[in-house]
Structures are given as C-alpha cells and as structure tokens.
Amino acid sequence: MHHLGSTRSSLKSDHLLQTPDTFIRTPLAGAEGVEFVIHAAPQLGARFTQMTAEFTGGGTLGPTRAQRFLYVLDGGLELQIAGQTHALGRGGFAYLPLSAPHAVRASMPARVAVIEKCYERESGAARPEFVVGDESKMAGTPLMGDADLMVRALMPDGPPYDFAVNTMTYAPGAALSMVEIHVMEHGLLMLEGGGIYRLGDSWYPVTAGDFIWMAPWCPQWFGAIGKVPAKYLIYKDWNRHPLAGPSSASTPPSGEVR
C-alpha cells in the first residue's frame, strides 16, 4: 500500500530515526543465507556499525575487521569460540573481541542485532575477553534510583572494554529525569512498547522495531507511553578519553574462523 511519501523516518545532522517501512535489505560479502538492514555506519557519520541480520536456517556471518556484539531478537544462533559451542536463543548475547576467532551459524531462522566497532586500545589495559550471556538472567539496576526504569548491562565494565550495550525497560508512564547532552554517541533499537523520543529539537513517536542513531551532544529524552512497558537495546562508546582513536583494528585478525 502506498502512503504518498509519508513516513516517520527522519534524518537530521545529529540524529536518525529509521522506521521499518523504510528498511532496505542488502547482502554483505562473506555472509551466507543472511540479509542485513544497515542502520548506522561511517557513511552516516557514526563511529560504529549497527545492523539487523536476518538469517535463514543455517545462515552464517562473514568476517569482520572489528570487535563484534550480537543480541538475538528472534530465533536461535550457534556460536563457536574458544573450542566451545554456545546456543543463543531470544535475548541471548555475545561480545566477541577483535582477536577472538569465532563462527556464527543460525540454528533456525533468526533476527540478530549486530554491533561492530574498531577497537581503541587503552595503554596498559588487559585484552578484552569474550562474553556469552542471557539478558533474562541479568540483574537490573534502577536508573538514578527510579525503580520504574531498569537498566541491564550486557557488557563488562573496565579499561579493557571501549563500549557498552544495555537494555533499558520503562514502566508505562516512566521517563528519563532529564534531557541528556553528552560526548557519547548511541545506537538504539526499540524492542518492545513505545513512547516519545526527543532528538535535537524534534519530537518523535517511536515503537518496537524502530532504530535511532544519536550523534555526540545530540539532546535526547524518552518517555514511555501506553499500557505495556517500553524496552530498548542501546549502544554507547565508553571508557575512553575523547582524544583516543582506533587502534590497528583495520588489520584483520589472523586465524579467524567463520
């Protein structure tokens, strides 16, 4: 059905709202049985890449020149790493450092959020280690003491890690206590429910399936609307001085397995 060019999607200098009616699927070299919706990439001005990977059963990811984070939206994956095989179902996640050989295969049709970022090495810090987990088993922490806004951290904290990925769940009617303006950039995928997002000087209705990119210092605020909780997956760069830059992550790691 045609809507005469109407969409909620919007691109501004400091943010993007990308809604499912505007998604375009594309293949990527090295992947088999997977189509990608590329939400954020350097061409946009982002310092990371975020995609939704849509797997057929048996589909496999291709190589990456960066560290990689996976979060299963639907279906299931098999992850091989360090001589072990891990089954990831809905809400399962994994962090894969740049130097960690791994293979990713869909055990059934699946949709997966994929985040990739060139690694920024911290002098003297230990190398990051791979992480595999299940979001439903992670403890939640109230944001700024507000029990109606729960944060679940899916990445370890500390000097080895240069980005964070969290889920944030808002009770109906809950909202951020302030408009945030900061140096970090974000990639955000709405998982459940909906509400109103302020981005820059614009206000947008958002719902499950929408993607948002926020540049550094983009004014941002969210309030949940509706009778069910609102939940999103959010990426941010983290733990590095603003003058830090990517390491030699442009050199592909040796011994990668796909």
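For residue classes I count Ala, Val, Leu, Ile, Met, Phe, Trp, Tyr, Cys and Pro as nonpolar, Asp, Glu, Lys and Arg as charged, and the others, Gly among them, as polar.

I work on a predicted model, where local features need pLDDT of at least 70, side-chain atom pairs count only at pLDDT 80 or more, and totals for chains, interfaces and linings use all residues. Residues are numbered from 1 along each chain as its sequence is written, and side-chain values use heavy atoms, without hydrogens and water.

Pocket. I find 21 lining residues, each having an atom within 4 Å of a point. Leu73, Arg90, Arg111, Met190 and Leu191 lie nearest the centre. The lining divides into eight nonpolar, four polar and nine charged residues. Strands (DSSP runs of E, at least two residues) β4 (49-60), β5 (67-74) and β15 each supply at least two of the lining residues.

Sheet. I traced an open, antiparallel sheet of eight strands, ordered β1-β2-β18-β15-β20-β14-β13-β12; strands pair if DSSP finds at least two bridges between them. β1 (10-12) and β12 (141-143) are the edge strands, each pairing on one side only.

Strand pair. Within it I checked β15 (residues 186-192) against β20 (residues 230-237): six bridges join these antiparallel strands. His186 stands opposite Lys236 in β20.

Methods: Helices (H or I, at least four residues) and strands (E, at least two) are DSSP runs, numbered from the N terminus. On a 1 Å grid over the protein atoms alone, a cavity is a set of points where a 1.4 Å probe fits but cannot get out, and a pocket is an open set with protein on both sides within 12 Å along at least five of seven lines; lining residues have an atom within 4 Å of a point.
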